Amino acid sequence: MDHDMAVVSAKSNSLGTMAITSAMDGMIRYWDIETAFNTTSAKAGQTETWTLDVNAVDSLIATGTHYGAINVWDFKTLRKRISKHATSSCSLLCSILTAQQWPVAVPTDW
């Protein structure tokens, strides 16, 4: 199934076999790169998901919305592990995922 609204962020996994997209429809979708088939989907929230990133070991995905919601998802199951509202830019958190198992910088009140 395709996104219902515009795709605003796309990343690939570390092996380059899968694309992960987020869109203004609030969905996260996994795509098999060879077949272009949507393999997994999850509702990221009630509003658009503007940004996403995958850590280097393919264990976590971070998503951020225009309204400040930051979600961290388990890569394999697409189950939400953390959901927070941040006053600062979500793009910052989503761009700092590293080879670690967790984002390296989060607000101190987490």
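Predicted model: local features only at pLDDT ≥ 70, side-chain atom pairs only at ≥ 80, totals over all residues.
Local features count only at pLDDT of at least 70 and side-chain atom pairs at pLDDT 80 or more, while totals for chains, interfaces and linings use all residues. Residues are numbered from 1 along each chain as its sequence is written, and side-chain values use heavy atoms, with hydrogens and water left out.

Strands here are DSSP runs of E with at least two residues, numbered from the N terminus. "Buried" means under 20% relative accessible area, worked out with a 1.4 Å probe on protein chains only. In a regular strand, side chains alternate between the two faces of the sheet. In β2, Met18, Ile20 and Ser22 point one way, Ala19, Thr21 and Ala23 point the other way, and all of them are buried.

Next come the partners of β2. Two strands are said to pair if DSSP finds at least two bridges between them. Strand β1 (residues 7-12) pairs with β2 in the antiparallel sense over 5 bridges, and Val7 stands opposite Ala23. The hairpin of β1 and β2 has 5 residues between the strands, and Gly16 takes a positive phi near 75° there. Strands β2 and β3 also run antiparallel, joined by 5 bridges, with Tyr30 of β3 as the bridge partner of Ile20. In the hairpin of β2 and β3, there are 3 residues between the strands, and Gly26 has a positive phi near 80°.

Trp31 sits in β3, which spans residues 27-32. This tryptophan is buried, with a relative accessible area of 15%. The side chains of Trp31 and Thr21 are joined by a polar contact of 2.8 Å. A polar contact is a pair of N or O atoms within 3.5 Å; within protein, one must be able to donate a hydrogen and the other to accept it, and residues adjacent in sequence count only if both atoms are side-chain atoms. Ser41 lies 10 residues from Trp31 along the chain, and their C-alpha atoms are 9.2 Å apart.

Further along, an open sheet of 4 strands has the order β5-β6-β7-β8, with antiparallel pairing. Its edge strands are β5 (49-54) and β8 (80-85), each pairing on one side only. Strand β5 is joined to β6 (residues 60-65) by 5 bridges, and Val54 has Ile61 of β6 as its bridge partner.

Key. Buried < 20%, exposed > 50% of the residue type's maximum accessible area, 1.4 Å probe, protein only.
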